[in-house]
Amino acid sequence: MGCSCMFLPYSLMLFLILFITFSTNIRAQTPPLTKKNLLIRPFNNTVSALFVFGDSTVDPGNNNYICTVLKCNFPPYGKDFVGHIPSGRFTNGRLVTDLMASYIGIKEFVPPYLNPTLSLEELLTGVSFASGGSGFDPITAQISGVIPLEVQLKYFRSYKIRLENEIGEERTKLLISKAAFLVSAGTNDFIVNYFGTQFRRYTFTVAAYQQFLLQKTQQFLQDLMAEGARFIGIVGLPPLGCLPVVITTNTVATPLLPRECIDSYSAVGNEYNWLLQNMLTNMDIPGTQLVYADIYNPLYDMVQNPNKYGFDEVHRGCCGSGLFELAILCNPHSIVCFNASRYVFWDAVHPTQATYYNLFKFLRPIIDSILKQ
Ligand SMILES: *[C@@H]1O[C@H](CO)[C@@H](O)[C@H](O)[C@H]1NC(C)=O
Ligand SMILES: *[C@@H]1O[C@H](CO)[C@@H](O)[C@H](O)[C@H]1NC(C)=O
(Lines give C-alpha, C1' and ligand atoms only; values in the text may rest on other atoms or scores of the structure.)
(Ligands and ions follow the chains in the order given, each with its own letter.)
Protein backbone atom coordinates (compact mmCIF):
# COMPACT_ATOMS: atom_id res chain seq x y z
CA MET A 1 0.00 0.00 0.00
CA GLY A 2 1.35 3.29 -0.04
CA CYS A 3 2.70 6.40 0.63
CA SER A 4 1.25 9.77 0.58
CA CYS A 5 4.02 12.26 0.25
CA MET A 6 1.56 14.33 -1.75
CA PHE A 7 -0.44 14.95 1.38
CA LEU A 8 2.58 16.69 2.84
CA PRO A 9 3.24 20.38 2.52
CA TYR A 10 6.40 21.38 0.71
CA SER A 11 8.25 22.60 3.81
CA LEU A 12 7.65 19.28 5.48
CA MET A 13 9.02 17.44 2.46
CA LEU A 14 12.14 19.55 2.68
CA PHE A 15 12.48 18.67 6.32
CA LEU A 16 12.08 15.01 5.46
CA ILE A 17 14.77 15.14 2.83
CA LEU A 18 17.15 16.73 5.31
CA PHE A 19 16.18 14.19 7.92
CA ILE A 20 16.86 11.34 5.54
CA THR A 21 20.24 12.78 4.68
CA PHE A 22 21.11 12.52 8.35
CA SER A 23 19.60 9.15 8.96
CA THR A 24 21.05 7.14 6.11
CA ASN A 25 23.63 5.74 8.46
CA ILE A 26 20.90 3.45 9.76
CA ARG A 27 21.37 0.75 7.17
CA ALA A 28 19.12 -2.19 6.54
CA GLN A 29 20.61 -5.62 6.75
CA THR A 30 19.55 -8.98 5.49
CA PRO A 31 18.04 -11.16 8.20
CA PRO A 32 19.80 -14.43 9.01
CA LEU A 33 18.49 -17.38 7.04
CA THR A 34 16.81 -20.32 8.61
CA LYS A 35 18.37 -23.63 7.74
CA LYS A 36 16.69 -25.04 4.71
CA ASN A 37 16.10 -28.47 6.22
CA LEU A 38 13.85 -26.95 8.88
CA LEU A 39 11.30 -26.11 6.23
CA ILE A 40 8.68 -28.66 5.28
CA ARG A 41 6.86 -29.00 1.97
CA PRO A 42 3.09 -29.28 2.47
CA PHE A 43 1.52 -31.72 -0.03
CA ASN A 44 5.08 -32.52 -1.12
CA ASN A 45 4.85 -29.50 -3.39
CA THR A 46 7.65 -28.76 -5.83
CA VAL A 47 7.18 -25.01 -6.16
CA SER A 48 10.59 -23.75 -7.21
CA ALA A 49 10.46 -20.10 -6.22
CA LEU A 50 8.28 -17.14 -5.33
CA PHE A 51 8.41 -13.98 -7.45
CA VAL A 52 6.68 -10.87 -6.22
CA PHE A 53 5.64 -7.61 -7.90
CA GLY A 54 3.79 -4.59 -6.59
CA ASP A 55 3.84 -2.01 -3.81
CA SER A 56 4.75 -1.60 -0.13
CA THR A 57 2.49 -4.48 0.92
CA VAL A 58 5.07 -6.80 -0.65
CA ASP A 59 8.28 -4.71 -0.83
CA PRO A 60 10.93 -6.27 1.45
CA GLY A 61 13.34 -3.36 0.98
CA ASN A 62 13.87 -2.51 -2.69
CA ASN A 63 13.26 1.14 -1.86
CA ASN A 64 16.41 1.05 0.33
CA TYR A 65 18.41 1.01 -2.90
CA ILE A 66 16.74 3.82 -4.81
CA CYS A 67 16.48 7.54 -4.36
CA THR A 68 13.08 8.17 -2.80
CA VAL A 69 11.72 9.59 0.44
CA LEU A 70 9.54 6.50 0.65
CA LYS A 71 11.78 4.35 2.79
CA CYS A 72 11.42 2.69 6.15
CA ASN A 73 14.83 1.15 6.84
CA PHE A 74 14.98 2.66 10.31
CA PRO A 75 13.29 1.93 13.65
CA PRO A 76 10.58 1.49 14.73
CA TYR A 77 9.95 -0.38 11.44
CA GLY A 78 10.99 -3.98 11.98
CA LYS A 79 10.35 -3.73 15.73
CA ASP A 80 9.09 -7.33 15.82
CA PHE A 81 11.21 -8.66 12.94
CA VAL A 82 14.09 -11.11 13.48
CA GLY A 83 16.76 -9.18 15.35
CA HIS A 84 14.46 -6.11 15.24
CA ILE A 85 16.05 -5.36 11.87
CA PRO A 86 14.44 -2.49 9.94
CA SER A 87 14.79 -4.38 6.66
CA GLY A 88 12.80 -1.94 4.57
CA ARG A 89 9.51 -3.80 5.01
CA PHE A 90 6.72 -1.32 5.65
CA THR A 91 5.54 -3.03 8.84
CA ASN A 92 6.75 -4.19 12.25
CA GLY A 93 7.57 -7.74 11.14
CA ARG A 94 7.12 -10.08 8.22
CA LEU A 95 5.00 -9.62 5.12
CA VAL A 96 2.39 -12.05 3.78
CA THR A 97 4.86 -13.02 1.06
CA ASP A 98 7.43 -14.06 3.69
CA LEU A 99 4.77 -16.14 5.43
CA MET A 100 3.79 -17.72 2.12
CA ALA A 101 7.35 -18.62 1.09
CA SER A 102 7.92 -20.11 4.51
CA TYR A 103 4.67 -22.07 4.45
CA ILE A 104 5.32 -23.49 0.98
CA GLY A 105 8.74 -24.56 2.24
CA ILE A 106 10.88 -22.37 -0.02
CA LYS A 107 12.57 -20.06 2.50
CA GLU A 108 11.79 -17.83 5.47
CA PHE A 109 12.11 -14.44 3.79
CA VAL A 110 11.64 -13.20 0.25
CA PRO A 111 14.55 -10.79 -0.29
CA PRO A 112 14.54 -7.57 -2.32
CA TYR A 113 15.88 -8.04 -5.85
CA LEU A 114 17.92 -4.85 -5.64
CA ASN A 115 20.05 -6.16 -2.79
CA PRO A 116 23.40 -6.54 -4.59
CA THR A 117 24.70 -9.23 -2.23
CA LEU A 118 22.10 -11.94 -2.91
CA SER A 119 23.55 -15.43 -3.26
CA LEU A 120 22.73 -17.71 -6.19
CA GLU A 121 20.66 -19.79 -3.77
CA GLU A 122 18.58 -16.72 -2.89
CA LEU A 123 18.11 -15.83 -6.53
CA LEU A 124 17.06 -19.36 -7.41
CA THR A 125 14.31 -19.48 -4.79
CA GLY A 126 12.74 -16.17 -5.66
CA VAL A 127 12.90 -12.47 -4.98
CA SER A 128 10.58 -9.50 -4.73
CA PHE A 129 10.69 -6.75 -7.33
CA ALA A 130 8.04 -4.73 -5.51
CA SER A 131 8.53 -1.10 -4.58
CA GLY A 132 6.61 0.79 -1.90
CA GLY A 133 4.47 3.54 -3.45
CA SER A 134 4.14 1.83 -6.83
CA GLY A 135 0.96 1.06 -8.76
CA PHE A 136 -0.46 -0.09 -12.08
CA ASP A 137 -0.68 3.48 -13.35
CA PRO A 138 2.86 4.61 -14.30
CA ILE A 139 2.17 8.08 -12.87
CA THR A 140 1.64 6.59 -9.40
CA ALA A 141 5.25 5.45 -9.12
CA GLN A 142 6.47 8.77 -10.54
CA ILE A 143 4.73 10.73 -7.78
CA SER A 144 6.88 9.05 -5.15
CA GLY A 145 9.97 8.43 -7.28
CA VAL A 146 9.71 4.65 -6.93
CA ILE A 147 9.86 1.66 -9.30
CA PRO A 148 6.92 1.38 -11.75
CA LEU A 149 5.52 -2.06 -12.50
CA GLU A 150 6.87 -2.01 -16.07
CA VAL A 151 10.35 -1.47 -14.66
CA GLN A 152 9.79 -4.27 -12.16
CA LEU A 153 9.07 -6.47 -15.16
CA LYS A 154 12.24 -5.28 -16.87
CA TYR A 155 14.16 -6.26 -13.75
CA PHE A 156 12.56 -9.68 -13.97
CA ARG A 157 13.83 -10.00 -17.54
CA SER A 158 17.35 -9.03 -16.41
CA TYR A 159 17.01 -11.52 -13.59
CA LYS A 160 16.15 -14.27 -16.09
CA ILE A 161 19.21 -13.49 -18.18
CA ARG A 162 21.39 -13.57 -15.09
CA LEU A 163 19.93 -16.97 -14.20
CA GLU A 164 20.39 -18.32 -17.72
CA ASN A 165 24.06 -17.41 -17.49
CA GLU A 166 24.31 -19.25 -14.17
CA ILE A 167 22.26 -22.40 -14.72
CA GLY A 168 21.42 -22.45 -18.43
CA GLU A 169 18.36 -21.66 -20.48
CA GLU A 170 16.52 -24.96 -20.00
CA ARG A 171 16.77 -25.02 -16.22
CA THR A 172 15.77 -21.37 -16.02
CA LYS A 173 12.70 -22.09 -18.09
CA LEU A 174 11.78 -25.04 -15.86
CA LEU A 175 12.34 -22.98 -12.71
CA ILE A 176 10.06 -20.18 -13.96
CA SER A 177 7.35 -22.62 -14.99
CA LYS A 178 7.33 -24.16 -11.52
CA ALA A 179 7.41 -20.86 -9.67
CA ALA A 180 4.58 -19.01 -7.95
CA PHE A 181 4.04 -15.35 -8.81
CA LEU A 182 2.24 -12.77 -6.73
CA VAL A 183 1.12 -9.30 -7.77
CA SER A 184 -0.12 -6.83 -5.15
CA ALA A 185 -0.83 -3.24 -6.19
CA GLY A 186 -3.61 -0.75 -6.86
CA THR A 187 -4.11 0.96 -3.51
CA ASN A 188 -1.66 3.77 -4.31
CA ASP A 189 -3.30 4.31 -7.68
CA PHE A 190 -6.45 5.33 -5.86
CA ILE A 191 -5.22 6.78 -2.57
CA VAL A 192 -2.02 8.58 -3.60
CA ASN A 193 -2.69 9.25 -7.26
CA TYR A 194 -6.41 9.52 -8.06
CA PHE A 195 -7.74 10.91 -4.79
CA GLY A 196 -4.45 12.44 -3.59
CA THR A 197 -3.57 14.51 -6.67
CA GLN A 198 -5.25 16.11 -9.64
CA PHE A 199 -3.31 14.35 -12.44
CA ARG A 200 -5.92 11.75 -13.28
CA ARG A 201 -9.07 13.34 -11.94
CA TYR A 202 -8.96 15.93 -14.75
CA THR A 203 -9.39 13.20 -17.34
CA PHE A 204 -10.97 10.18 -15.64
CA THR A 205 -14.14 9.55 -13.69
CA VAL A 206 -13.72 6.93 -10.97
CA ALA A 207 -15.34 4.33 -13.23
CA ALA A 208 -13.09 5.23 -16.16
CA TYR A 209 -10.03 5.11 -13.94
CA GLN A 210 -11.02 1.66 -12.69
CA GLN A 211 -11.20 0.49 -16.31
CA PHE A 212 -7.85 2.11 -17.07
CA LEU A 213 -6.22 0.27 -14.16
CA LEU A 214 -7.80 -3.02 -15.18
CA GLN A 215 -6.33 -2.65 -18.65
CA LYS A 216 -2.92 -1.98 -17.15
CA THR A 217 -3.31 -5.00 -14.88
CA GLN A 218 -4.31 -7.22 -17.77
CA GLN A 219 -1.33 -6.07 -19.81
CA PHE A 220 1.00 -6.71 -16.89
CA LEU A 221 -0.35 -10.24 -16.39
CA GLN A 222 -0.04 -11.00 -20.10
CA ASP A 223 3.57 -9.79 -20.04
CA LEU A 224 4.29 -12.01 -17.04
CA MET A 225 2.78 -15.02 -18.80
CA ALA A 226 4.84 -14.24 -21.88
CA GLU A 227 7.89 -14.53 -19.62
CA GLY A 228 6.81 -18.02 -18.62
CA ALA A 229 4.75 -17.45 -15.47
CA ARG A 230 2.13 -20.17 -14.96
CA PHE A 231 0.83 -19.65 -11.44
CA ILE A 232 -0.06 -16.06 -10.68
CA GLY A 233 -1.90 -14.76 -7.63
CA ILE A 234 -3.42 -11.30 -7.94
CA VAL A 235 -4.23 -9.51 -4.70
CA GLY A 236 -7.34 -7.32 -4.71
CA LEU A 237 -7.77 -3.97 -2.99
CA PRO A 238 -8.37 -3.55 0.75
CA PRO A 239 -11.31 -1.53 2.11
CA LEU A 240 -9.65 1.77 1.15
CA GLY A 241 -11.85 3.83 3.48
CA CYS A 242 -10.56 1.96 6.55
CA LEU A 243 -6.93 3.01 6.10
CA PRO A 244 -6.16 5.39 9.01
CA VAL A 245 -4.72 8.07 6.71
CA VAL A 246 -7.88 8.06 4.61
CA ILE A 247 -10.03 8.44 7.72
CA THR A 248 -7.81 11.31 8.87
CA THR A 249 -7.82 13.25 5.60
CA ASN A 250 -11.59 12.92 5.38
CA THR A 251 -12.35 13.98 8.92
CA VAL A 252 -10.06 17.01 9.30
CA ALA A 253 -13.18 19.18 9.42
CA THR A 254 -14.78 17.05 12.12
CA PRO A 255 -11.90 15.83 14.31
CA LEU A 256 -14.09 15.32 17.37
CA LEU A 257 -16.40 12.77 15.79
CA PRO A 258 -15.48 9.13 16.41
CA ARG A 259 -13.21 7.72 13.74
CA GLU A 260 -14.77 5.20 11.41
CA CYS A 261 -14.22 3.78 7.92
CA ILE A 262 -15.20 6.09 5.05
CA ASP A 263 -17.60 3.84 3.15
CA SER A 264 -17.49 5.76 -0.12
CA TYR A 265 -13.76 5.00 -0.48
CA SER A 266 -14.16 1.36 0.46
CA ALA A 267 -16.93 1.05 -2.13
CA VAL A 268 -14.49 2.10 -4.86
CA GLY A 269 -12.15 -0.70 -3.77
CA ASN A 270 -14.94 -3.25 -3.52
CA GLU A 271 -16.29 -2.42 -6.95
CA TYR A 272 -12.80 -2.61 -8.44
CA ASN A 273 -12.35 -6.07 -6.91
CA TRP A 274 -15.50 -7.35 -8.63
CA LEU A 275 -14.36 -5.97 -11.96
CA LEU A 276 -10.91 -7.48 -11.42
CA GLN A 277 -12.33 -10.94 -10.66
CA ASN A 278 -14.52 -10.70 -13.73
CA MET A 279 -11.53 -9.78 -15.87
CA LEU A 280 -9.46 -12.66 -14.47
CA THR A 281 -12.23 -15.14 -15.26
CA ASN A 282 -12.41 -13.87 -18.83
CA MET A 283 -8.63 -14.08 -19.19
CA ASP A 284 -8.65 -17.80 -18.48
CA ILE A 285 -5.69 -19.15 -20.42
CA PRO A 286 -4.98 -22.89 -20.78
CA GLY A 287 -1.90 -23.98 -18.87
CA THR A 288 -1.91 -20.88 -16.72
CA GLN A 289 -3.62 -20.26 -13.42
CA LEU A 290 -4.68 -16.78 -12.44
CA VAL A 291 -5.92 -16.76 -8.87
CA TYR A 292 -7.68 -13.85 -7.22
CA ALA A 293 -6.62 -13.28 -3.61
CA ASP A 294 -9.27 -11.49 -1.57
CA ILE A 295 -7.96 -9.28 1.23
CA TYR A 296 -10.96 -6.95 1.32
CA ASN A 297 -13.32 -9.19 3.26
CA PRO A 298 -10.84 -10.51 5.82
CA LEU A 299 -9.46 -7.03 6.49
CA TYR A 300 -12.95 -5.59 6.79
CA ASP A 301 -13.86 -8.34 9.22
CA MET A 302 -10.78 -7.57 11.34
CA VAL A 303 -11.81 -3.92 11.52
CA GLN A 304 -15.46 -4.73 12.29
CA ASN A 305 -14.83 -7.59 14.72
CA PRO A 306 -11.45 -6.84 16.27
CA ASN A 307 -11.99 -8.99 19.38
CA LYS A 308 -12.20 -12.11 17.26
CA TYR A 309 -8.55 -11.52 16.34
CA GLY A 310 -7.12 -10.11 19.57
CA PHE A 311 -7.16 -6.55 18.23
CA ASP A 312 -8.38 -3.55 20.17
CA GLU A 313 -7.35 -0.64 17.94
CA VAL A 314 -8.56 -0.60 14.36
CA HIS A 315 -8.72 3.03 13.23
CA ARG A 316 -5.22 4.29 13.98
CA GLY A 317 -1.71 2.95 13.48
CA CYS A 318 0.64 1.79 16.22
CA CYS A 319 3.36 4.29 15.28
CA GLY A 320 3.14 7.89 16.48
CA SER A 321 -0.37 9.33 16.78
CA GLY A 322 -1.36 6.66 14.26
CA LEU A 323 -3.40 9.23 12.36
CA PHE A 324 -1.08 10.19 9.51
CA GLU A 325 2.48 8.93 10.14
CA LEU A 326 4.20 6.62 7.69
CA ALA A 327 7.64 6.19 6.16
CA ILE A 328 9.94 8.91 7.55
CA LEU A 329 7.19 10.42 9.70
CA CYS A 330 7.22 7.16 11.64
CA ASN A 331 10.82 7.30 12.82
CA PRO A 332 13.10 6.64 15.82
CA HIS A 333 11.58 9.65 17.61
CA SER A 334 8.01 8.39 17.31
CA ILE A 335 6.11 7.01 20.26
CA VAL A 336 5.22 3.39 19.52
CA CYS A 337 2.33 1.40 20.98
CA PHE A 338 3.25 -1.26 23.53
CA ASN A 339 1.86 -4.25 21.66
CA ALA A 340 1.52 -3.97 17.89
CA SER A 341 -0.38 -7.28 17.83
CA ARG A 342 -3.35 -5.42 19.28
CA TYR A 343 -3.41 -3.06 16.30
CA VAL A 344 -4.72 -3.79 12.82
CA PHE A 345 -2.46 -1.06 11.41
CA TRP A 346 1.22 -0.50 12.07
CA ASP A 347 1.40 3.00 10.58
CA ALA A 348 -1.29 5.15 9.00
CA VAL A 349 -1.45 2.93 5.90
CA HIS A 350 0.23 -0.42 6.47
CA PRO A 351 -1.06 -3.45 8.36
CA THR A 352 0.83 -4.95 11.30
CA GLN A 353 2.49 -8.33 11.08
CA ALA A 354 -0.45 -9.67 13.13
CA THR A 355 -2.85 -8.50 10.42
CA TYR A 356 -0.64 -9.99 7.71
CA TYR A 357 -0.64 -13.27 9.58
CA ASN A 358 -4.44 -13.27 9.68
CA LEU A 359 -4.57 -12.45 5.97
CA PHE A 360 -2.21 -15.33 5.28
CA LYS A 361 -4.50 -17.67 7.22
CA PHE A 362 -7.44 -16.54 5.09
CA LEU A 363 -5.45 -17.11 1.91
CA ARG A 364 -4.12 -20.52 2.93
CA PRO A 365 -6.99 -22.58 1.40
CA ILE A 366 -6.24 -20.97 -1.97
CA ILE A 367 -2.51 -21.62 -1.57
CA ASP A 368 -3.25 -25.23 -0.63
CA SER A 369 -5.45 -25.76 -3.68
CA ILE A 370 -2.53 -24.69 -5.88
CA LEU A 371 0.02 -26.74 -3.94
CA LYS A 372 -2.09 -29.89 -4.31
CA GLN A 373 -1.79 -29.77 -8.09
C1 LIG B 1 5.01 -36.96 0.73
O2 LIG B 1 6.09 -37.84 0.41
C3 LIG B 1 6.37 -38.78 1.44
C4 LIG B 1 7.65 -39.54 1.08
O5 LIG B 1 7.74 -39.77 -0.29
C6 LIG B 1 5.15 -39.70 1.61
O7 LIG B 1 5.39 -40.66 2.61
C8 LIG B 1 3.94 -38.85 1.97
O9 LIG B 1 2.78 -39.65 2.04
C10 LIG B 1 3.72 -37.75 0.94
N11 LIG B 1 2.68 -36.85 1.42
C12 LIG B 1 1.67 -36.42 0.66
C13 LIG B 1 0.70 -35.48 1.29
O14 LIG B 1 1.55 -36.74 -0.51
C1 LIG C 1 0.08 -8.74 22.57
O2 LIG C 1 -1.25 -8.90 22.09
C3 LIG C 1 -1.52 -10.22 21.61
C4 LIG C 1 -2.88 -10.20 20.93
O5 LIG C 1 -3.87 -9.62 21.72
C6 LIG C 1 -1.40 -11.18 22.78
O7 LIG C 1 -1.66 -12.49 22.33
C8 LIG C 1 -0.01 -11.08 23.36
O9 LIG C 1 0.09 -11.91 24.51
C10 LIG C 1 0.34 -9.65 23.74
N11 LIG C 1 1.74 -9.57 24.14
C12 LIG C 1 2.14 -8.90 25.22
C13 LIG C 1 3.62 -8.88 25.46
O14 LIG C 1 1.37 -8.36 25.99
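**A walk through the sheet and its surroundings**

In this predicted model, Phe231 has Gln289 of strand E4 as its bridge partner. Residues are numbered from 1 along each chain as its sequence is written, while chains are lettered from A and ligands numbered from 1 in the order in which they are written. Because the model is predicted, local features need pLDDT of at least 70 and side-chain atom pairs count only at pLDDT 80 or more, whereas totals for chains, interfaces and linings use all residues.

Let us start with the overall picture. The protein has twelve helices and four strands; these are DSSP runs numbered from the N terminus, with helices being H or I of at least four residues and strands being E of at least two. Its radius of gyration, 19 Å, is close to the 21 Å that the globule rule gives for 373 residues, so the protein is as compact as a globular protein of that length. That radius is taken over C-alpha atoms, and the rule is 2.2 Å times the number of residues to the power 0.38. Along the principal axes, the C-alpha atoms fill a box of roughly 60 × 45 × 40 Å. Among contacts with a separation of 6 or more, 74% are between residues 24 or more positions apart; a contact here means that the C-beta atoms, placed from the backbone, lie within 7 Å.

Now back to the sheet. Strands of a sheet pair through backbone hydrogen bonds, either parallel or antiparallel. Here, four strands form an open sheet in the order E1-E2-E3-E4, with parallel pairing; two strands pair if DSSP finds at least two bridges between them. Strand E1 (50–54) and strand E4 (289–293) stand at the edges with a single partner strand each, so one side of each has no neighbour in the sheet. From one strand to the next, the twist averages 20 degrees.

Strand E3 (residues 231–235) runs parallel to E4 and is joined to it by five bridges.

Just after H2, Gly105 takes a positive phi of about 100 degrees.

For another view, look at Leu275 in helix H10 (residues 263–282). Leu275 counts as partly exposed because it has 15 C-beta neighbours inside 10 Å. Leaving aside residues up to four places away in sequence, Leu275 touches Gln210 and Leu214.

Finally, visit ligand 2. Around it are Gly310, Asn339, Ser341 and Arg342, where a residue qualifies if its C-beta atom, placed from the backbone, lies within 6 Å of the molecule. This shell holds no nonpolar, three polar and one charged residue.

Terms used. Two residues are in contact if their C-beta atoms, placed from the backbone, lie within 7 Å. Ala, Val, Leu, Ile, Met, Phe, Trp, Tyr, Cys and Pro count as nonpolar, Asp, Glu, Lys and Arg as charged, and the others, Gly among them, as polar. Axes are lines fitted to C-alpha atoms, for helices over the stretch in contact, and angles run from 0 to 180 degrees between N-to-C directions. A residue is buried if 20 or more other C-beta atoms lie within 10 Å of its own, exposed if 12 or fewer, and partly exposed in between; C-beta atoms are placed from the backbone.
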